[in-house]
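Hello,

Here is the structure I promised to pass on. Please open it first, then read my notes below.

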Amino acid sequence: MEFIKNYNNNAALVKDSAGKDWVVIGKGIGFGLKKGMPVDESKIERRFLAQDETDQVEPEVVKGIDPQSFEATDKVCEMLENKYGISFTGYQYFALADHIDFMIKRTLDGAELNPMSGRWETKTLFPKEYTAAKEALAIISATVHLKLDPSEAISLTYHFINAESDGSKLQDTMRMTRYLGGIVNIVQYQYGITLDTDSFNYERFITHLRALIIRHLTGKESHSELDPALLQLMVAKYPKEKDTVDRIAQYLKREADWTLSADDQTYLILHIWRVTHR
């Protein structure tokens, strides 16, 4: 690879033999190099296509990120990949690095984040990602030798959910969290219960809802086509569950202008029955 320019001590823009530009990350990756000189590829820890049409990696975004923030981001990503199986695209990696950089600078400036520790939906709907975020916060604190507010784990959680959400952007991830919380509230209100967030059926219910919401957010069609008579059978057998699904459909129509298909309603009836009866 051929060196083009440095962004900081840990990030540089390079060109490969095919003429494609890459943003590469690694300690001292471009130190002492001038344009056109070969890059020591053994120093490259991560590489992303610059201005990839599908991933939107903009090299200029890298400029303002402190090298220490990249170091923390790499440690967090390594932990997430090895322990939780969460990996990042180029866009997601730089969004996380930028977030961590801003988090550190904000803490150094003494600027307080709006308290988010009460956002129960993030903790209960995404327990794996929230646990990972708390671990990531500890890694960042140790790397930069700075005490970070525990509430920062909530915003980190959104980045980790985003990395698992089929390419959806952070704004969509936050919308998904809001819709999930709204649906869970409807079910709990309808049945007058608090759902067991540790149960297998709750996990299956949330997994199904996440897939449904992501499909709507990304505009993907469902390829499943159930027998229309099955919904009528479900309505007759589970009237309370159908009434709950109707309320969920009204909520999603009002909040997102989404319409639940007959298949969506059928699956939701079954999941609601399971999560409220077992």
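**Asp74 and its surroundings**

Asp74 touches Ile25, Glu45, Arg46 and Tyr93, leaving out residues up to four places away in sequence. Please keep in mind that this is a predicted model. Asp74 lies in helix 1. Is Asp74 buried or exposed? Its relative accessibility is 12%, and the cut-off for buried is under 20%, so Asp74 counts as buried. The side chain of Asp74 also makes a polar contact, at 2.9 Å, with the side chain of Arg46.

**Strands 3 and 4**

Two of the residues that Asp74 touches, Ile25 and Arg46, are also linked to each other. Arg46 in strand 4 is the bridge partner of Ile25. Strand 3 (residues 21–25) and strand 4 run antiparallel, and four bridges join them.

Strand 4 covers residues 46–49, and its side chains alternate. Arg46 and Phe48 point to one face and are buried.

**Helix 1**

Back to the helix that holds Asp74. Helix 1 has 18 residues. From first C-alpha to last, helix 1 reaches 25 Å, close to the 26 Å expected at 1.5 Å a residue. Its buried residues are Ser69, Phe70, Ala72, Thr73, Asp74, Val76, Cys77, Met79, Leu80 and Tyr84.

Both ends have something to look at. At the start of helix 1, a side-chain oxygen of Asp66 comes to within 2.8 Å of the backbone nitrogen of Gln68. Just after helix 1, Gly85 takes a positive phi of about 70 degrees.

**Aromatic residues**

How many aromatic pairs does a search of the whole structure find? It finds eight. One of them is Phe88 with Phe160. This pair is edge-to-face, at 6.3 Å centre to centre, with 75 degrees between the planes. The pair links distant parts of the chain, 72 residues apart. Phe88 sits in the loop between helix 1 (67–84) and helix 2 (90–108), and Phe160 sits in helix 5 (residues 152–163). Both Phe88 and Phe160 are buried.

Tyr238 and Trp273 form a tilted pair. Their ring centres are 5.8 Å apart, and the planes make an angle of 50 degrees. This pair also links distant parts of the chain, 35 residues apart. Tyr238 is in the loop between helix 8 (228–237) and helix 9 (239–256), while Trp273 is in helix 10 (residues 262–277). Tyr238 is buried, at 12% relative accessible area. Trp273 has 25% relative accessibility, so it counts as partly exposed.

There is also an aromatic cluster, formed by Phe48, Phe70, Tyr93 and Phe94.

**His271**

His271 is found in helix 10. His271 counts as buried because its relative accessibility is 10%. Leaving aside neighbours within four places in sequence, His271 is in contact with Arg204, Phe205 and His208. His271 and Ile206 are 65 residues apart in sequence, and their C-alpha atoms are 9.3 Å apart in space.

Most residues other than glycine have a negative phi. Two residues to check here are His145 and Asp257. His145 has a positive phi of about 55 degrees. His145 lies in the loop between helix 4 (127–144) and helix 5, and it is exposed, with a relative accessible area of 70%. Phi of Asp257 is near 60 degrees. Asp257 is in the loop between helix 9 and helix 10. At 53% relative accessibility, Asp257 counts as exposed.

**The whole protein**

The protein has ten helices and four strands. From the N terminus on, the elements run β-β-β-β-α-α-α-α-α-α-α-α-α-α. Of the 278 residues, 48% are buried. Among contacts between residues at least 6 apart in sequence, 68% join residues at least 24 apart. The accessible surface comes to about 14,300 Å², and 50% of it belongs to carbon and sulfur atoms.

Best wishes

Methods: Residues are numbered from 1 along each chain as its sequence is written. This is a predicted model: local features need pLDDT of at least 70, side-chain atom pairs count only at pLDDT 80 or more; totals for chains, interfaces and linings use all residues. Side-chain values use heavy atoms; hydrogens and water are left out. Rings of Phe, Tyr and Trp (its six-membered ring) pair if their centres lie within 6.5 Å; planes under 30 degrees apart count as stacked, over 60 as edge-to-face and the rest as tilted. Buried means under 20% relative accessible area, exposed over 50%, partly exposed in between (1.4 Å probe, protein chains only). A polar contact is a pair of N or O atoms within 3.5 Å; within protein, one must be able to donate a hydrogen and the other to accept it, and residues adjacent in sequence count only if both atoms are side-chain atoms. Contact means heavy atoms within 4.5 Å. The expected span of a helix is 1.5 Å times one less than its number of residues. Two strands pair if DSSP finds at least two bridges between them. Accessible areas come from the Shrake-Rupley method with a 1.4 Å probe; for residues, only the protein chains shown count as cover.
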